[in-house]
There are 2 protein chains.
Amino acid sequence: MSASDASKDIDGKAIAATIRSEIKDRVATLRSAPGLAVILVGARRDSQTYVRMKKKACEEVGIASFGFDYPATVTEDELLQKIQELNADDKVHGILVQLPLPEHINENTVIEAVHPSKDVDGLHPVNTASLCSTGTHAGAEKIDWKDMSSVPFHIPCTPQGCIELIDRVGTELKGKNAVVIGRSNLVGLPVAMLLMHRDATVTIVHSKTTDAPNVVNKADVVVAAVGRAEMVKKEWIKEGATVIDVGINSVDDANAKRGYRLVGDVDYKGVKEIDDVKITPVPGGVGPMTIAMLLRNTVNSCVRSHATKGE
Amino acid sequence: MSASDASKDIDGKAIAATIRSEIKDRVATLRSAPGLAVILVGARRDSQTYVRMKKKACEEVGIASFGFDYPATVTEDELLQKIQELNADDKVHGILVQLPLPEHINENTVIEAVHPSKDVDGLHPVNTASLCSTGTHAGAEKIDWKDMSSVPFHIPCTPQGCIELIDRVGTELKGKNAVVIGRSNLVGLPVAMLLMHRDATVTIVHSKTTDAPNVVNKADVVVAAVGRAEMVKKEWIKEGATVIDVGINSVDDANAKRGYRLVGDVDYKGVKEIDDVKITPVPGGVGPMTIAMLLRNTVNSCVRSHATKGE
């Protein structure tokens, strides 16, 4: 590749569509349909939209979705009872509790009630611990991190989607410098762990980092997940880097129809001027991958449940 | 500090003695003695030695230790039954299963049988998940990582000891570059998490890292935990760095009485020539800290159990 190659978009929308179609083919080979239970509490517009999108995506690939909608006044006990029921239900391979929950319900308690094998969001402590381990304990299975479908536990969807994008555009990770900007439980930390499992040398940059531009400038791969509009500037990114922008921030824009527009954590326009860079647009980059990975986790869970039963 | 300041040893032996004496004072204020159950399986000489040292250290600070010795032929079920019993025992605040276990016993099953609140080795998945979280989940407690006695779960002993050494020699972590060499479950990964929680910018270097000397050379704090004799050279370390050497490797030495001597993962002699460096010797650096942190975890567990009972 010559130094004058233009930078390229990483088309998350198209890649996610390809993956959904692969999943559909895989589901067609299964004896019975995988099932995803979706629990929605309250009437938040954004949560309702996400749940609707997830159910629709299930339908398209042949996953059965079971919706359970509760008013915001539901008690924690009622939710826990429903989760126990779903844990025991053979037709349900994934249980998704749409977050956030109302304040009177302890999210951690609810997350921990889901059986780890059905925790397709990858949020249960047992799944977190597996992700944050290197399998060097005696008795631990040797994990092939290159094939995330074969990993015997659930990897959180958005982080998994980031790695999938990197793989699908052909960026090598082994031995490369990767920098994750942000250290949240939901994205930054799990992405850092996945990059490490794929043999990248990983640095985690955060709000207390003193020389972020300099650190990021050494990275072959950058994942930005901080939630600060266009924080990562052109000068931070080196030629030829792959940039995954997880941020979705709305900024005021008088010219936009709705009065605002969505931007990522990276100055997309600036970075696009660098040679040889691959970068996800916002929207249309990481966003569409999250649901695709949820579908994959659900199918994996179904396949593993058959294997456990010796089918 | 002038550039010509000589480098200094980090005296783990003396620091551990100070901590044990602090623990002894704290135990003296408790209404009843903390208790540590120690399970030893088989007749490995090294395991027997470690267990003896741990029991002796308990005794010196006023912790009651309860030993349970089993032959190498013990079944997994027998161990699990004993652990259940100890989980339910009010006089036992910590349960330590000396590793490794014989091959016919699944170590992970045994580790997961210990109640997380009594898992003073910090190996249970629930403790791992807590260590690998940033407390940004709704409902998560705000954790003060500067006071490891106040952290409401168990941090593994050797990683905790590394941070304690860094603190006790007055090295600042916030905003500094820290490099961890090695990504094991037992040391590398947990140390990286602790350094991150203390607001260092952390890079994890491992066998697949292509330019380790260069990466390490940017570090204000280096923790080496790979188990390769004197792998980290003088040229890797920058002036003024704090170097924690977790490695204990035996190398042939015809001049030594036993025909070998112990060295760390760092070329101690070479690094000592650098100005302003603080470095742990091997032995006498990290080693003595592990048991001190085990004692601390046991006392913390006892104090928390009183608090839970509203005492």
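Reader: In this predicted model, how many bridges join strand 5 of chain B to strand 6 of chain B?

Author: The model is predicted. Strand 5 of chain B covers residues 177-181 and runs parallel to strand 6 of chain B. In this pairing I181(B) stands opposite V205(B). The number of bridges joining the two strands is five.

Reader: In what sense do strand 6 of chain A and strand 6 of chain B pair?

Author: Strand 6 of chain A, residues 201-205, is joined to strand 6 of chain B over three bridges. One of the residues involved is V202(A), whose bridge partner is I204(B). The sense of the pairing is antiparallel.

Reader: Why is strand 6 of chain B largely enclosed by the rest of the structure?

Author: In a regular strand, side chains alternate between the two faces of the sheet. On one side of strand 6 of chain B, T201(B), T203(B) and V205(B) are buried, and on the other V202(B) and I204(B) are buried too. The strand is therefore largely enclosed, the count of buried residues being five of the five.

Reader: Is V299(A) buried or exposed?

Author: V299(A) lies in helix 10 of chain A, residues 287-308. Beyond the residues up to four places away in sequence, V299(A) touches I23(A), R26(A), V27(A), L30(A), P34(A) and I63(A). Buried means under 20% relative accessible area. V299(A) has a relative accessibility of 1%, so it counts as buried.

Reader: How far apart in space are V299(A) and K176(A)?

Author: In sequence, V299(A) and K176(A) are 123 residues apart. From C-alpha to C-alpha, their separation in space is 31 Å.

Reader: What is the radius of gyration of chain A?

Author: Chain A holds 10 helices and 11 strands. For its 311 residues the globule rule gives 19 Å, and the chain comes close to that, so it is as compact as a globular protein of that length; its radius of gyration is 20 Å.

Reader: What share of the residues in chain A is buried?

Author: The C-alpha trace of chain A spans about 55 × 50 × 40 Å along its principal axes. Its accessible surface comes to about 13700 Å², with 50% belonging to carbon and sulfur atoms. Of the 311 residues in chain A, the buried share is 53%.

Key:
Residues numbered from 1 in each chain as written. Chains lettered and ligands numbered in written order. Predicted model: local features only at pLDDT ≥ 70, side-chain atom pairs only at ≥ 80, totals over all residues. Heavy atoms only, no water. Helix = DSSP H or I, 4+ residues; strand = E, 2+ residues; numbered from the N terminus. Buried < 20%, exposed > 50% of the residue type's maximum accessible area, 1.4 Å probe, protein only. Contact = heavy atoms within 4.5 Å. Pairing = 2+ DSSP bridges. Rg over C-alpha atoms; globule rule 2.2 N^0.38 Å. Areas by Shrake-Rupley, 256 points an atom, 1.4 Å probe, with all protein chains shown as cover.
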